[in-house]
Amino acid sequence: MKLIYQKDQKGARPTSRSRAPVIWPWVLVFAAWTVVLLAVLSKQTFLINHNYLLTQSHLPWFVALAVFLACWQVMTVAMMVPSSMPLVNIIVHASRFQRHPIATQAAFLAGYALIWTSFATAAFIGDTLVHWLIGHWFWLYMHSWVIGAVTFAIAGGFQLSPLKKHCLKDNRSPYSFFEHYFRSGIGSSWYLGLHHGIICLGSCWALMLVMFGIGVGSIVWMALLTGLMVVEKTYPGGQRLSPLLGIALLLLAAL
């Protein structure tokens with residue numbers, strides 16, 4: 001962390017606190033998966049099920065959206081933070097040399113969460129429109145399987161696209177990303193979180209769209225897609241998995 005340290009506070013000496021291992025993000029992820037597991041065991045996953053919230057809960061639309069987004073935060077921590085952990089570790093270490101380390105870390109995570117919350121809002125609105133179309137278009141009502149096929153096709157096509165490759169490259173280079181965009185201050189950490197959220201969304205939105213379509217209450221699919229995203233973004237050679245996933249999704253669309 002020598003470079004980070006020099007970039008923020010030249011002349012100061014590292015303390016035992018600045019050298020301490022980064023533990024709390026993993027505690028946060030563990031807590032999120034615990035909540036997910038408890039929801040599955042207690043059969044409360046309908047709270048994150050957009051189909052249930054829209055068609056069976058009888059809640060006002062904005063209340064249903066609020067419930068969905070609240071549960072979405074747990075899923076974001078459980079699924080997205082593990083694959084962003086290399087950058088999170090760097091941010092935490094760098095913030096320890098700043099005047100308000102906790103606020104700096106919180107600002108980064110808040111910016112990151114805002115991007116994924118925006119995606120969830122857009123997906124919920126899109127699902128609302130799909131439900132409206134099914135109710136007003138008899139052909140789509142009789143051929144609702146088309147929705148799943150199109151979802152798989154869009155996700156598979158994106159996995160093979162140059163944009164996916166570009167965003168994944170940035171995700172797989174957390175230290176270079178940090179050196180290029182990091183500046184001292186809480187506001188800068190907020191914008192850093194937004195920027196990282198955008199490239200993370202650019203890399204993973206297709207897989208999360210599949211998650212949304214399959215059912216966000218499925219812990220098996222959550223664990224599987226989390227593992228795939230961690231391999232893609234952090235493991236050596238993980239980028240080779242992207243086209244394979246794309247081909248698999250296109251085959252599912254054909255089926």
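## Helix α5 against helix α13

In this predicted model, in which local features need pLDDT of at least 70, side-chain atom pairs count only at pLDDT 80 or more, and totals for chains, interfaces and linings use all residues, helix α5 (residues 61-79) packs against helix α13 (residues 219-234) at an angle of about 45°, with the axes 9 Å apart. Helices are DSSP runs of H or I with at least four residues, numbered from the N terminus, and axes are lines fitted to C-alpha atoms over the stretch in contact, with angles from 0 to 180 degrees between N-to-C directions. The two helices are therefore oblique to each other, since angles under 35 degrees count as roughly parallel, over 145 as roughly antiparallel, 65 to 115 as roughly perpendicular and the rest as oblique.

Met75, Ala78 and Met79 in α5 meet Met222, Leu225, Thr226 and Met229 in α13, where contact means heavy atoms within 4.5 Å.

## Helix α3 against helix α13

Helix α3 (residues 24-41) also meets α13: their axes come within 11 Å and cross at roughly 155°, which makes α3 roughly antiparallel to α13. Trp33, Val36, Leu37 and Val40 in α3 meet Ile219, Met222, Ala223 and Thr226 in α13.

The structure holds one salt bridge, a term for a side-chain nitrogen of Lys or Arg within 4 Å of a carboxyl oxygen of Asp or Glu. The side chains of Glu232 and Lys164 form this bridge at 3.1 Å, N to O, and the pair links distant parts of the chain, with Glu232 in helix α13 and Lys164 in helix α10 (residues 162-171), 68 residues apart. Residues are numbered from 1 along each chain as its sequence is written, and side-chain values use heavy atoms, with hydrogens and water left out.
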